Amino acid sequence: RESSALCRSYGVGPMSSALPPSVEQVLEALEQAVARELERKRLLGHYVVTWQDGRAVLQGPDAPQPEG
């Protein structure tokens, strides 16, 4: 799925494994919404914030740099 690939490119991993069909549909809708927003931010040149290894990570060319 294209939305899943885009989400993974930002460090957002797969969220489903052997779930009921209704839950799978909800997860698919959420993945598509996240993929659309990530693409919109990419096109606008905005950074994104993701969660990796227990901390928030800012990604993108205009992401604020940590101090220190």
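# A chat about a hairpin and a helix

Student: Which residue takes a positive phi in the hairpin of β1 and β2?

Tutor: D53 does, with a phi near 55°, in a hairpin that has 2 residues between its strands. Helices (H or I, at least four residues) and strands (E, at least two) are DSSP runs, numbered from the N terminus.

Student: What should I know about the model and the numbering?

Tutor: The model is predicted: local features need pLDDT of at least 70 and side-chain atom pairs count only at pLDDT 80 or more, while totals for chains, interfaces and linings use all residues. Residues are numbered from 1 along each chain as its sequence is written, and side-chain values use heavy atoms, with hydrogens and water left out.

Student: Back to D53, then. Where is D53 placed, and is D53 buried or exposed?

Tutor: D53 sits in the loop between β1 and β2. Its relative accessibility is 80%, so D53 counts as exposed. The cut-offs are under 20% relative accessible area for buried and over 50% for exposed, with partly exposed in between (1.4 Å probe, protein chains only).

Student: What sets D53 apart, given its positive phi?

Tutor: D53 has that phi of about 55° although D53 is not a glycine. Most residues other than glycine have a negative phi.

Student: And the two strands, how many bridges join them?

Tutor: There are 5 bridges between β1 (residues 48–52) and β2 (residues 55–59), and the strands run antiparallel. Strands pair if DSSP finds at least two bridges between them.

Student: Which residues of β2 stand opposite Q52 and V48?

Tutor: R55 stands opposite Q52, and Q59 stands opposite V48.

Student: OK, zooming out. How many helices and strands are in the chain, and which pattern do they follow?

Tutor: The chain has 2 helices and 2 strands. Along the sequence the pattern reads α-α-β-β.

Student: How does the span of α2 compare with what is expected?

Tutor: Helix α2 covers residues 21–44, which is 24 residues, and reaches 35 Å from first C-alpha to last, close to the 34 Å expected. The expected span is 1.5 Å times one less than the number of residues.

Student: Which residues in α2 are buried?

Tutor: In α2, the buried ones are L27, E28, E31, A35 and L38.

Student: How many salt bridges does the structure hold?

Tutor: There are 2. A salt bridge is a side-chain nitrogen of Lys or Arg within 4 Å of a carboxyl oxygen of Asp or Glu. E37 forms one with R40, and their closest N and O atoms are 2.7 Å apart. E39 forms one with R42, at 2.6 Å from N to O.

Student: Why are E37 and R40 about one helical turn apart?

Tutor: Because E37 and R40 are 3 residues apart in helix α2. An α-helix has 3.6 residues a turn, so residues three or four places apart point the same way. E39 and R42 are also separated by about one helical turn, because they are 3 residues apart in α2.

Student: What relative accessibility do E37 and R40 have?

Tutor: E37 is at 32%, so E37 counts as partly exposed. R40 is partly exposed with 41%.

Student: What comes just after α2?

Tutor: G45, which takes a positive phi of about 80°. G45 lies in the loop between α2 and β1, and at 34% relative accessibility G45 counts as partly exposed. G45 and G60 are 15 residues apart along the chain, with their C-alpha atoms separated by 7.6 Å.

Student: Last one. What share of the chain is buried?

Tutor: Buried residues make up 19% of its 68 residues. Among contacts (heavy atoms within 4.5 Å) between residues at least 6 apart in sequence, 44% join residues at least 24 apart.
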